[in-house]
Amino acid sequence: MHTGLKITGALNYFQDNIRDERILFWVFGAIISIALYNLIVFISTKDRNYLYYFLYIFFMLMYDITVEGFGRYYLWPNWHWFLSKDYNIFMSLSFVFVLFFAKSFLSVKTYSSKLLKVYNITIIIFILNILLFMLPLSEIIINFTTLCFFYGIMLLFLSGLYISLKGYRPARFYIVAWIFLIVGSAATTLRRVHVLPDNILTEYAIYFGTVVESILLAFALGDRVLMIQNKKLEAEEALIDANNRILQNRMKPHFLFNSMNIIFNQILESPKGAMESLQLLSDNYHFITEFNDKRIVKLQEEVNFLKNYLDLMKLRWPDILEIIYNIDDELSKIPVPPFILQPPAENAFKYSLNKMEQKEIEIKIHSINGIVHLEIINLAMDKLGHVDYSRSLGNIINRLKGILRTLILLCPRKNRILLHE
């Protein structure tokens, strides 16, 4: 390390001191403000990204305070065991939490399982690095720590660049933020080895870079929230479109004509049965109209709509259609998206039950290990032999995705919806 000596008068010395304190006051004040803001946002939103970000900024601030001597002079002057290790411990802690932040913020798990493993291993390395400072300091520990810091910076920057190239928009602010911090750190280091001139900009470049980085990462978090909100709006629009398509499909003339023809024949044979059938048809359209504006309904409401539809189907096969309900009553109040049971049931009639003399279908809703299973089972399927359902089921899955995506986005940690044949 090259140390320059400078002879100055008392007045200039105190003026330089006052200037330095003013700069540090504004720099540390800005960092504290950003940290407190993100802590408040975390408390109100429970978003872990803000917690990781707050802890990263907090320990980075403690590192800066230690480097400037304030910590050793004011906060822990008598902690002799801590004095030679404090700035390394704070820097390692800041790296641990910025790695947690980057892993969560960049959605590393979504884009690369290998990169996720690298992040997890790196976090363990930095935790071990903190534990090493509990031992007497040695040249090996210092060199290992320095290597870890350079490796951590490269991982944070390159992973952000990689995920940005994958199309993740919030990563743009993230990359620019790290560029400012790296440039600021490099400028300060180059000043210390006399490559760059000694002035205010080069002396405090690392602090200026830290402030700009903190602000840009806050913008990145805001951009991420905006992106999630836009996705929710898109999902809601997709849900409305899907519901409208279902409403239009149910209103198609052939469905209405078939039902009315059955009712017409019943009028001649059984006026009372015709009145019941007409009531079923009216209830069917009432369900569709009522559900069309809802994002979430109770499972019991969805089951009622399905039963109404199946009762209408019974009008066509009053003696040969058998429907078995196996529904756990305790699940009746759980929230589900509307119109998730009727499409598979309709598929069973359209592609298989029409070809069978004896028609059997089971509606099964039960819970296994805390997971609710909604099943439409064609009990007579084996009697028909091999049938290729891939196209029809594929259409149903595509039809349901727009509806189910809304529930997943509304409650991403509580709901997992799997579609399978």
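Let's start at Leu106: leaving out neighbours within four places in sequence, its contacts (heavy atoms within 4.5 Å) are Phe101, Tyr111, Tyr119, Ser159, Gly160, Ile163, Tyr168, Ala171 and Tyr174. Before going on, a word on the model: it is predicted, so local features need pLDDT of at least 70 and side-chain atom pairs count only at pLDDT 80 or more, while totals for chains, interfaces and linings use all residues. Residues are numbered from 1 along each chain as its sequence is written, and side-chain values use heavy atoms, with hydrogens and water left out.

Leu106 belongs to the largest nonpolar core, which has 66 residues; Tyr56, Tyr119, Leu156 and Tyr174 join Leu106 as those with the most contacts inside this core. A nonpolar core here is a set of buried Ala, Val, Leu, Ile, Met, Phe, Trp, Tyr and Cys residues joined through side-chain atoms within 4.5 Å. Buried means under 20% relative accessible area, with exposed over 50% and partly exposed in between (1.4 Å probe, protein chains only). At least two core residues come from each of helix 1 (10–45), helix 2 (48–67), helix 5 (86–105), helix 7 (113–132), helix 8 (139–165), helix 9 (171–192) and helix 11 (205–250). Helices are DSSP runs of H or I with at least four residues, strands are E runs of at least two, and both are numbered from the N terminus. Helix 2 gives the most to this core, 13 residues. A second core, separate and with 23 residues, includes Met313, Val336, Phe339 and Ile365.

Now for the rings. Phe, Tyr and Trp rings (for Trp, the six-membered one) pair if their centres lie within 6.5 Å; planes under 30 degrees apart are stacked, over 60 edge-to-face, and the rest tilted. That rule gives 27 aromatic pairs. Take Phe59 and Phe97: their ring centres are 5.7 Å apart and their planes at 5°, so this pair is stacked. Phe59 sits in helix 2 and Phe97 in helix 5, so the pair ties together parts that are 38 residues apart in sequence. Phe59 is buried at 14% relative accessible area, and Phe97 counts as buried at 18%.

Phe105 and Tyr168 pair up another way: with centres 6.2 Å apart and planes at 75°, they are edge-to-face. This pair links distant parts of the chain, since Phe105 is in helix 5 and Tyr168 in the loop between helix 8 and helix 9, 63 residues apart. Phe105 is buried at 0% and Tyr168 at 5%. Both are part of one aromatic cluster, along with Tyr53, Tyr56, Phe101, Tyr111, Tyr174 and Trp178.

Ser159 lies in helix 8 and is buried, at 3% relative accessibility. Its side chain makes a polar contact with the side chain of Tyr119 at 2.5 Å, and also reaches the backbone oxygen of Leu155 at 2.7 Å. (A polar contact is a pair of N or O atoms within 3.5 Å; within protein, one must be able to donate a hydrogen and the other to accept it, and residues adjacent in sequence count only if both atoms are side-chain atoms.) Not counting residues up to four places away in sequence, Ser159 touches Leu106, Leu115, Tyr119, Met154 and Tyr174.

One more buried residue to look at is Asp223, in helix 11, with 9% relative accessibility. Beyond four places in sequence, Asp223 touches Arg169, Pro170, Arg172 and Phe173.
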